[in-house]
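Hi everyone, thanks for coming along. I'd like to walk you through one structure today, side chain by side chain, so do have a look at it while I talk.

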Amino acid sequence: ELLRVLLLQTRIFLPVINNSSNFILLCGERSCAQSVTRKCEEVGKCNESWNPNRCLPRYSLFYSHSYLPKVGLPTNHILNQNNPNALLNCMVHLYSSNSKKRRRRWARLRGKAIPLCKDVLRRHKKCDYHRILNRHCRLPEFCRLKGKKNDLDMEEVGSSHTAISDVSRFVAEIIQSVFPEAFWGSTHNWKNICTKLHIFIKLRKDERFPIKLVMESLRVTDVDWLWPNFTNSTKRTRTDFETATMLLQSVMRWFFLSFLTPLLRSIFYITESE
């Protein structure tokens, strides 16, 4: 009975090679699976709650078993559906929980946001994910030489990994290729997002990434497509600013959870150490 409990309820890891920081799970539940319930609860609340201290769930990044034969986003991703209205709905929630359209939000965004979403879809379709990956995160030499012969040495595989700085550069170029500058609003916002990207990528499993960290230093007034059309005689009110801030929070949450996370999961195998 004691042996059964140890095998079923205890996680046992073995190093790939001696003195290696890479481990193989011998038995027990995957560490990320223990947080599935907590992650689902957080994702379920994200559409209705705008608590700036709420952290973005990152558990699905680790120990992913997903495999894509083609470098890029999963086939069922919203960017592969070529539907600008659906993309905008994913980012800013045009429909309420009872499936009713938020008419004020739609009237505010349709003039500038729909053309922007069409541009994002067009750029995504033209983006060469594979070439950009090879430019920044090339396979080790022994993998390129031996990969076709199926005689890879596990010692070499276990000791290899992709540097966080290379992953950050890869992700930054992908984002710059897919999203136009108008999406971020200004060069200032883009530089801040690049900084937050690197923080998000290098965090360990149990470290937190609150939404207020993403919004810090971002200039909401620069993101023109989140604002209604103004004439020269019209001034932006405090209500307009609060609405634009809430919409930008929603867009940033979508960006990190529904674009960046699936991209990293589909290309890299992320562990607690590397």
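Let's start with a charged pair: Arg169 and Asp166 form a salt bridge, with their closest N and O atoms 2.4 Å apart. By salt bridge I mean a side-chain nitrogen of Lys or Arg within 4 Å of a carboxyl oxygen of Asp or Glu. Both residues belong to helix 8 and are three residues apart, about one turn of the helix. Helices here are DSSP runs of H or I with at least four residues, strands are runs of E with at least two, and the numbering goes from the N terminus.

Before I go on, a word on where this comes from. This is a predicted model, in which local features need pLDDT of at least 70 and side-chain atom pairs count only at pLDDT 80 or more, while totals for chains, interfaces and linings use all residues. Residues are numbered from 1 along each chain as its sequence is written, and side-chain values use heavy atoms, with hydrogens and water left out.

Back to our pair. Arg169 is partly exposed at 44% relative accessibility, and Asp166 is partly exposed too, at 21%. On that scale, buried is under 20% relative accessible area, exposed is over 50%, and partly exposed is in between, using a 1.4 Å probe and protein chains only.

How many salt bridges are there by this rule? The count comes to seven. Another one sits in helix 4 (residues 103-126), where Arg122 and Asp119 are three residues apart, again about one turn. Their closest N and O atoms are 2.4 Å apart, and Arg122 is partly exposed, with a relative accessible area of 43%.

Now please find Arg135 and Glu173, whose side chains meet in a salt bridge at 2.2 Å, N to O. Arg135 is in helix 5 (residues 129-136) and Glu173 is in helix 8 (residues 164-178), so this pair ties together parts that are 38 residues apart in sequence. Arg135 is partly exposed at 47% relative accessibility, and Glu173 is partly exposed with a relative accessible area of 21%.

On to the rings. Rings of Phe, Tyr and Trp (for Trp, the six-membered ring) pair if their centres lie within 6.5 Å; planes under 30 degrees apart count as stacked, over 60 as edge-to-face, and the rest as tilted. By this rule there are 17 aromatic pairs. Why does the pair of Phe255 and Phe259 count as stacked? Their ring centres are 5.8 Å apart and their planes are at 15°, so they meet the stacked criterion. The two are four residues apart in helix 12 (residues 238-267), which separates them by about one helical turn. Phe255 and Phe259 are both buried.

These two also belong to one aromatic cluster, together with Phe179, Phe183, Trp184, Trp190, Phe200, Phe209, Trp225, Trp254 and Phe256.

Phe259 comes back in the core. A nonpolar core is a set of buried Ala, Val, Leu, Ile, Met, Phe, Trp, Tyr and Cys residues joined through side-chain atoms within 4.5 Å. The largest one has 65 residues, and Leu88 and Phe259 have the most contacts inside it. Helix 12 gives the most to this core, with 13 residues. Which residues does Leu88 touch, leaving aside its neighbours within four places in sequence? Its contacts (heavy atoms within 4.5 Å) are His93, Leu94, Trp106, Leu109, Ala113, Ile114, Cys117 and Trp225.

His93 is in the loop between helix 3 and helix 4, and is buried at 17% relative accessibility. Asn82 also has a positive phi, near 55°. This one is in the loop between helix 2 (36-45) and helix 3, and Asn82 is exposed at 62%.

Last, the cysteines. With a disulfide taken as a pair of cysteine sulfur atoms within 2.5 Å, the count is zero. For Cys90, the nearest cysteine sulfur is that of Cys117, 9.7 Å away. Cys90 is partly exposed at 32% relative accessibility, whereas Cys127 is buried at 13%.
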